[in-house]
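Subject: Structure handover

Hello,

Here is the structure I said I would pass on. My notes on it follow below.

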Amino acid sequence: MKRVIIPVILLALLAVFAAGCGENAEPPENNTSAGSTTTASTPASSTPASTSSASEWPSDSLPDGTPEYTGGKIVNTGGSDDNFVILVEGSKEMIDAYLAQLESAGYGVDDTTAKKGGVTIDISDRGNGTWQIGVITLAAAGWPDTIPSFITMPAGKSLAGDPYLDDMGSLVNLSVDINDMSEEEGIAWFNEMAATWIDGGNDGTQWTGDVEHNGKTWTVSAEIYEVSGGVFSAQFSWYEK
């Protein structure tokens, strides 16, 4: 009987020892539940990529000299060089005061839109005392080679968009918008051009004269007028004599 009992006792002791080792085993490093894994070293970001929180007027992102809105808190800003948006807080009275400030700075104001040169500032009500100020900058266009030499670019000025040229053969029309121009500068520019035309001058309503172009003689007529704050539109027509 002893030969049978001793092995049985040894086997029972080994089983108890193995169970004790299992209770002291190290837990896994990651806690994994059904369908999910937790990783503590990679926190998620909650900041949107398209806008940035701001508390100051974004002067560096706007055209030089853009008047600052000081009526209320600046909530968010974002956009590109030619289309920038500022989200602000304020009342209707604060927005009206800002529009008056823009007008005093030389902007042409129509309702909630202000224009000066190649810059348009458009303000819209977002509700709950929040307003969006959109600043759109029209890039200056170059002077096209298709414009004949008897029409010259005003010195120190830039174009507000691309000129419109309609060539119908014996009759040509041209429309050119110029940034940051005064009435006096527009008149001086036209007088300078007309002085190079044959019998060129101002008849009281427009500038006229004759020019030699492409081996032919053409009669030119031109006028200039302001379309918005600081932007003047020059209209030219010439036809073959």
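A residue is called buried under 20% relative accessible area, exposed over 50%, and partly exposed in between, with a 1.4 Å probe and protein chains only. This is a predicted model, in which local features need pLDDT of at least 70 and side-chain atom pairs count only at pLDDT 80 or more, while totals for chains, interfaces and linings use all residues. Residues are numbered from 1 along each chain as its sequence is written, and side-chain values use heavy atoms, with hydrogens and water left out.

Two loop residues first. D111 is exposed, with a relative accessible area of 63%. D111 sits in the loop between strand 6 (108-110) and strand 7 (113-116); strands (E, at least two residues) and helices (H or I, at least four) are DSSP runs numbered from the N terminus. Although not a glycine, D111 has a positive phi of about 60 degrees. N128 also has a positive phi without being a glycine, near 55 degrees. The loop between strand 8 (119-127) and strand 9 (130-137) holds N128, which is exposed at 82% relative accessible area.

Next, the interior. A nonpolar core here is a set of buried Ala, Val, Leu, Ile, Met, Phe, Trp, Tyr and Cys residues joined through side-chain atoms within 4.5 Å. The largest one has 24 residues, of which I151, W189, F190, W197, F236 and W238 touch the most other members. Among the elements that each supply at least two residues of this core are helix 3 (183-194) and strand 17 (231-240). A second, separate core of 19 residues includes V88, I95, L102 and A114.

Regards
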